[in-house]
Amino acid sequence: MADVQSTGDGGDVGNQPQQGGVGQGEGSSRVGVGGRKTANTKRVKDEPWQKVVDDPIADMDCTSSCITFADVNNQGENKVIVANMQFAEGKSKLQVLNCGELQQSIHLFGFPCGTISFRTSDEASAPAIAVASGNALYVFKNLKPFYKFILPDLPLDEQELETWVGVRRAERVDADVLQNALLTLRGNGVKLSPRSLKFLSLPPEMREDFVNMVKTQPATTPAVITTVGTLAKLGGDDTGVACPVLGTEDGQVFVLNPTNFAAVVRVSLPGPVACMTASGALDTDYRIHACTRDGTVCHIKGGKLADHSFSLPAPAVGIDRIGKSLLISCADSCLYCFSTKGRRLWQVKMPAPITAHSPMVYRPKMLRLTLIGLENGEIRLYSDKEMLSTLKVDSGVAALRFGRLWRDSYVLVTVTQEGHYIVHRLKRATEFHQLKGVKGPPPEQHIRIKVPTKTKLYVDQTQREKDNAVSMHQAFRRDHYVLQVLVARKYVKAMTSALAPTSALEDVKFQVGAAVQGIGPTFRLLVTVQNTSATAVSDIRLALTWDESMYDIQNPSGLIPHLVPGVTYTESFNVQCITQEMVSSPIKVQLYSPQRSLPIVTAVVAMPVSEPVVTVR
Amino acid sequence: MEGVDPLFYAHFLFRRRRYTEAADVCSELLAKNPYDKAAWYLKTRCLTEDVRIDETELEEEGLAEVMLDENAVASVPRPGTSFSRPLTDSGSSRGIRPMSKSGRPVSGFARPGTQGARPSTMEAAVRTARSATSRPVTSASGRYVRLGTASMLSGDDGTFIDVSKLDLRKYAFRRGLARALVLYILHVLNDTGKAMELAAYATEAARFQDWWWKAILGFCYHRLNLFRDAEKQLKSSFKQTPSILACMLLAKVYIRMDQPQNAIQCYREGLEKFPDEPVLLAGIARVFEGIGDLTKSVEEYKKLLKVDSTNVEAIASLAADKFYGDQPEIALVFYRRLLQMGVESAELFNNLGLSCFQAQQYDMALGCFERALSMADDEAMSDIWYNIAFVGMSLGNVKLAREALVLAVTCDSTNGEAYNNLGVIEQRKGNSGDARGHYQTAIKVSPHIHEPHYNYALMSLEAGDLQQAYKQVNDALQLYSAHLPSQDLLKELKATLSQHAS
């Protein structure tokens with residue numbers, strides 16, 4: 001069991017911020033700068049949050065579910081309870097804070113995945129605090145170890161069990177034989193125990209020692225708790241009796257009786273439980289909505305898994321139920337709202353990935369809001385899909401929890417990814433309805449764009465696409481290849497005979513354009529040449545090719561002595577139409593370089609039909 | 001054909017539209033008896049019908065008419081009241097529906113007259129939608145001369161009737177002969193002055209009570225660009241006896257005077273007398289298209305299609321509307337209908353391919369493009385390559401897209417959209433020099449599209465050339481003021497510039 005550590009020892013206390021506590025204004029000297037404060041007074045007035053604690057050396061490492069509020073001493077005053085993982089140091093702690101001030105620190109076994117506080121009975125005693133870690137739920141009362149609930153082990157595959165029993169009986173451990181046996185089992189689709197997996201992941205020289213170390217212990221697969229929550233027993237407010245709800249790695253959801261910790265409900269889900277929300281009360285009617293790690297949302301009602309489950313577009317970060325809708329934040333930076341039947345009602349895209357999601361129940365105003373923490377350090381407050389306010393912290397948000405400290409004092413506890421511990425107080429005078437729409441989406445967003453409805457024809461064609469997907473795709477692939485070949489051939493032909501007005505040569509790049517002025521029979525042909533390569537080119541010749549029976553061109557060639565990149569050079573030619581027929585033929589403009597035998601680029605100028613010469617008598 | 005009365009035989013041939021043969025038979029009769037009025041009449045009709053074009057619809061405005069237009073009342077008309085100032089916010093926006101080379105939204109059906117807007121500069125006037133057949137200098141020297149010379153060449157017996165020797169006053173009293181003669185003068189000889197003389201005499205002879213002669217007189221005035229006189233005659237003709245001819249001609253006069261609302265009114269009056277007349281319905285639809293009211297235009301085309309289910313123009317226009325209205329599957333049905341009706345052209349296959357691709361019928365899309373390529377001329381070829389490039393870009397095959405775009409500009413070096421897209425591809429590849437060149441070319445050859453301006457501005461901004469970016473983004477907004485990305489860019493630029501200034 002966990003051992004209790006008093007406040008006095010350990011390095012944690014020394015790290016406390018000098019200033020702190022509720023109502024002291026800008027908490028940390030690192031933030032409060034006099035000039036800036038005055039400059040921001042006006043803005044601060046509209047802000048619903050006031051920072052009261054900013055402890056950059058708190059060294060917190062936890063998720064949203066690891067923070068809770070509980071009246072540990074039964075004094076009518078809540079404390080912030082943080083199950084601090086401190087993963088790097090390998091020792092986790094349960095910390096009790098009086099807002100900013102650390103009161104007590106209790107060592108924990110393993111790494112906690114969540115902590116809850118609940119009353120075990122109607123008596124006016126202090127509520128229990130439970131920390132889920134590994135396969136056990138550690139329950140504390142008055143911050144003293146009270147009970148340890150251990151989940152039953154998972155059934156082990158018989159063959160694997162036999163293998164380990166065989167190893168124990170054998171005189172000498174043959175690691176290779178064991179490895180082959182386990183690999184065969186894994187190949188057959190057997191879920192191996194953690195011990196087998198650990199064995200397989202070890203380097204070969206360490207395997208034998210490992211087997212010798214563990215072979216005397218019985219092989220088990222302990223269940224692992226992934227998420228923890230509470231469900232009211234009788235309904236009413238959150239001071240009443242509540243049942244712990246556990247979700248496990250093997251997809252089980254347990255609801256425990258708060259008095260004797262017996263599982264009253266046990267449901268199997270199709271995948272590991274990532275997050276869940278429980279609403280209603282166990283004794284009357286309740287719903288549990290759980291997201292599995294592969295993005296399926298399952299409903300549990302009346303102790304059974306309901307039929308209608310639906311899948312999410314991305315793995316879930318957090319889930320919350322408000323009224324009839326489920327608010328689910330997902331890893332694709334979107335906050336989705338689904339109906340309980342799985343119909344997507346709306347979605348809001350965030351500027352950065354969502355890292356924390358917490359419901360915000362504000363009883364004085366009867367509000368249910370949603371807090372979203374982003375990787376860029378932004379904390380957004382949403383009412384439905386409308387953003388009410390934002391906050392900015394120094395680094396990415398790791399955990400968020402909103403709760404009550406005493407009577408009317410509500411705070412938002414934030415832990416950042418760098419371990420800072422920040423507390424914001426919600427200003428009592430905040431008028432939420434005035435915040436509404438200030439930073440929300442522009443009103444244009446609500447104007448429906450007239451999109452034509454999908455026709456029956458479209459549906460039919462889609463059906464055809466579904467029915468013949470393979471053959472259609474094959475035909476398309478074939479056509480695509482044929483087209484690619486066709487285009488490549490024509491392109492190569494155009495390039496090798498330099499028919500294109502742009503060159504494909506690496507070192508010399510030109511663009512040639514042409515324009516015709518006049519209505520005939522005399523035209524002026526303007527040829528523009530631009531050097532698009534990086535270096536200047538000199539000694540470029542221009543020549544025209546045309547149908548000599550149709551046009552007469554004097555000086556049909558030109559010389560551009562030097563071409564600077566980017567500048568457009570213009571050459572003009574006089575073209576005389578000598579035919580009386582009402583026809584025209586194109587004139588080709590070609591660019592030559594003395595170093596090359598082929599023209600560099602060609603531009604084809606479509607000539608207009610010349611107006612006839614009308615003789616006036 | 002021994003034993004058959006030659007005149008009857010000539011009539012027989014005429015009814016079967018074998019005009020040349022009929023004219024030959026009449027010539028033989030006239031050789032025997034030069035005063036055979038029946039043969040003379042029939043031969044006149046034959047020669048006329050051979051070259052006649054229904055001029056109630058066709059309209060090609062020459063350079064002189066466009067640039068030296070003295071009928072336009074307002075130089076800056078309100079939107080929707082002039083063909084030169086189309087409605088901007090009705091139907092599809094510029095961002096969705098592409099522009100033809102003269103800067104109008106592309107129509108589903110290429111017609112002379114509707115392709116070119118009234119340009120503001122001489123240079124824009126010379127450049128037309130189809131560069132190979134540029135705008136004629138005047139309508140008089142344009143089509144009429146060309147047709148005239150063509151008819152002269154085909155008829156080797158020289159001039160059949162020497163009008164200058166005829167006493168037109170005398171003919172004006174012979175009703176049947178005069179009608180044939182005036183059409184002959186108009187269509188074969190192209191001598192509008194003489195035709196008007198005859199029409200004037202004939203109207204006088206009929207004591208100003210003959211609607212046909214009034215309509216012809218109006219037609220002659222119209223040809224001579226005397227629109228106010230033409231309007232008077234045609235109105236009077238229509239009032240006396242409503243006819244489709246007079247109605248169509250009157251509407252045409254209004255269109256030439258740049259009074260689209262009057263033209264629509266005129267068509268509507270015609271439709272009251274002749275309900276469900278396809279020609280009039282098509283006329284209304286075209287005028288709406290001309291003033292940019294595509295929604296109403298589509299409604300009229302729908303009515304037209306209900307009356308005439310094989311009207312190619314209506315089908316093609318509706319198809320184009322559906323395609324740009326995000327319902328390519330319906331456009332596909334329309335294009336397939338055209339194919340079933342026997343229309344075979346590169347443009348149709350191109351449209352079929354695009355519709356198939358957009359409607360996700362991938363197995364047929366690319367085949368259509370190949371078909372289109374095999375039957376296209378240079379102008380259409382360029383557009384088909386452009387569309388293939390679009391398909392390539394949609395597939396993420398940038399190599400294919402780039403090659404196809406190079407081919408598009410090879411076929412037609414004035415394809416501004418292709419240059420623009422080529423520029424985008426080069427810019428993404430990091431060849432900013434090439435990209436700049438492409439954008440500049442696109443701006444030069446297609447001054448009506450805003451995309452190259454915006455792209456150039458974006459590129460200049462990235463390169464730090466704020467002045468160029470500012471200039472280009474302003475140009476883009478001048479072309480298309482509702483272009484949101486340009487507006488945003490301008491805002492950003494202004495912020496940056498004011499930052500630099502302070």
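## Chains A and B in a predicted model

Chain B has 26 helices and zero strands. Helices (H or I, at least four residues) and strands (E, at least two) are DSSP runs, numbered from the N terminus. This is a predicted model, in which local features need pLDDT of at least 70, side-chain atom pairs count only at pLDDT 80 or more, and totals for chains, interfaces and linings use all residues. Residues are numbered from 1 along each chain as its sequence is written, while chains are lettered from A and ligands numbered from 1 in the order in which they are written.

**Chain B overall**

Of the 502 residues of chain B, 47% count as buried. A residue is buried if 20 or more other C-beta atoms lie within 10 Å of its own, exposed if 12 or fewer, and partly exposed in between, with C-beta atoms placed from the backbone. Two residues are in contact if their C-beta atoms, placed from the backbone, lie within 7 Å. Among contacts in chain B between residues at least 6 apart in sequence, 50% join residues at least 24 apart.

**Where the chains meet**

In this model, 40 residues of chain B are in contact with 44 residues of chain A. On the chain B side, the elements giving two or more residues are α6 (140-154), α17 (328-340), α19 (362-374), α21 (398-411) and α23 (432-445) of chain B. The residues on that side divide into 17 nonpolar, 14 polar and nine charged. Here Ala, Val, Leu, Ile, Met, Phe, Trp, Tyr, Cys and Pro count as nonpolar, Asp, Glu, Lys and Arg as charged, and the others, Gly among them, as polar.

**Helix α10 of chain B**

Helix α10 (residues 211-223) of chain B has 13 residues, which at 1.5 Å a residue should span 18 Å, and its end C-alpha atoms are 18 Å apart, in agreement. The expected span is 1.5 Å times one less than the number of residues. Twelve of the 13 residues of α10(B) are buried, among them Trp211(B), Trp212(B) and Trp213(B). What covers the buried residues includes α8 (175-189), α9 (192-205), α11 (227-240) and α12 (244-256) of chain B.

**Two asparagines with positive phi**

Asn225(B) follows α10(B) and lies in the loop between α10 and α11 of chain B. Asn142(A) lies in the loop between β9 (136-141) and β10 (144-150) of chain A. The table gives phi for each.

| Residue | Phi |
|---|---|
| Asn142(A) | positive, about 50 degrees |
| Asn225(B) | positive, near 60 degrees |

Asn142(A) is partly exposed, with 13 other C-beta atoms within 10 Å. Asn225(B) is partly exposed, with 18 other C-beta atoms within 10 Å.

**A hairpin in chain A**

Strand β20 (residues 316-322) of chain A is mostly covered, with six of its seven residues buried. Six bridges join β20(A) to strand β21 (residues 325-330) of chain A, and the two run antiparallel. Strands pair if DSSP finds at least two bridges between them. Gly318(A) has Ser329(A) in β21(A) as its bridge partner. Two residues lie between the strands of this hairpin, where Gly323(A) takes a positive phi near 60 degrees.

Over residues 346-379 of chain B, the chain is 82% helix and 0% strand, with end C-alpha atoms 10 Å apart. Over residues 416-449 of chain B, the chain is 82% helix and 0% strand, with end C-alpha atoms 8 Å apart.
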